[in-house]
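Here is a friendly walk through one protein chain, from a single residue out to the whole fold. Keep the viewer open as you read.

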Amino acid sequence: MSVLAMCEGQPATVHLQASVADSIRMMLKKGVGAVAVVDGENKVVGVFSERDVMKKLALSGRDPETVPVAELMTSPVLSANEHTPEQEALETMLGHHIRHLPVLDRDGCLLGMLSIRNLLEWRIDGLTQELDSLEQYVSNDGPGG
């Protein structure tokens with residue numbers, strides 16, 4: 001399975017000029033923990049996540065309606081492409097302590113947003129299949145068994 005196939009639905013995006021409040025509203029509307037921030041050419045220039053809200057805004061006393069998302073987004077962006085192996089994407093996310101990884105085309109435009117949850121579900125499915133195979137192998141009563 002490709003990392004792009006693991007992404008769910010249309011990814012949430014906001015423009016670079018959006019406010020933090022607009023970005024939070026988009027996350028709530030889409031039911032996601034992060035939005036990709038795109039420029040005028042629709043290229044991903046940042047990611048704004050729940051973690052950015054907590055670390056950079058929550059206790060700052062700043063008004064989210066007036067703070068540009070560009071000031072608080074995470075940039076530069078770590079990303080994957082549709083050919084990135086699942087294990088590599090998982091290692092990138094774990095190694096950098098991030099929970100969302102944009103999947104970009106070769107021009108830097110957003111194809112999907114990969115969540116750590118997507119990768120953990122993939123890994124659990126693989127381990128479950130492996131366990132089932134091992135249980136089947138051990139329980140088979142063949143010659144000499």
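His100 lies in strand 4; helices (H or I, at least four residues) and strands (E, at least two) are DSSP runs, numbered from the N terminus. With a relative accessible area of 17%, His100 is buried, where buried means under 20% relative accessible area, exposed over 50% and partly exposed in between (1.4 Å probe, protein chains only). Leaving aside residues up to four places away in sequence, His100 touches Gly33, Ala34, Met93, Met113, Leu114 and Ser115; a contact means heavy atoms within 4.5 Å.

A word on the model itself. This is a predicted model, in which local features need pLDDT of at least 70 and side-chain atom pairs count only at pLDDT 80 or more, while totals for chains, interfaces and linings use all residues. Residues are numbered from 1 along each chain as its sequence is written, and side-chain values use heavy atoms, with hydrogens and water left out.

**The fold as a whole**

The protein chain has six helices and five strands, and from the N terminus on they follow the order α-β-α-β-β-α-α-α-β-β-α. The C-alpha trace spans about 75 × 35 × 25 Å along its principal axes. The radius of gyration of the chain is 19 Å, whereas a compact globule of 145 residues would be near 15 Å; this radius is taken over C-alpha atoms, and the globule rule is 2.2 Å times the number of residues to the power 0.38. Of the 145 residues, 36% count as buried. Among contacts between residues at least 6 apart in sequence, 53% join residues at least 24 apart.

**Inside the cores**

Which residues touch the most other members of the largest nonpolar core? Of its 14 residues, they are Val14, Val20, Val35, Val37, Phe48, Val69 and Leu72. A nonpolar core here is a set of buried Ala, Val, Leu, Ile, Met, Phe, Trp, Tyr and Cys residues joined through side-chain atoms within 4.5 Å. Helix 2 (20-30), strand 2, helix 3 (50-57) and helix 4 are the elements that give two or more residues to this core. Apart from it lies another core, of 12 residues, among them Met6, Cys7, Met93 and Leu119.

Beyond residues up to four places away in sequence, the contacts of Phe48 include Val20, Ile24, Met27, Val53 and Leu72. Leu72 lies in helix 4 and is buried, at 6% relative accessible area. Counted in the same way, Leu72 touches Val20, Phe48, Asp52, Lys56, Leu57, Arg62 and Val67.

**Backbone angles to check**

Most residues other than glycine have a negative phi, and most peptide bonds are trans.

Asn42 sits in the loop between strand 2 (34-38) and strand 3 (44-49), and His97 in the loop between helix 5 and strand 4 (100-104). Where is the cis peptide bond with omega near 5°? It runs from Ser75 to Pro76, and Pro76 is in the loop between helix 4 (69-72) and helix 5 (86-96).
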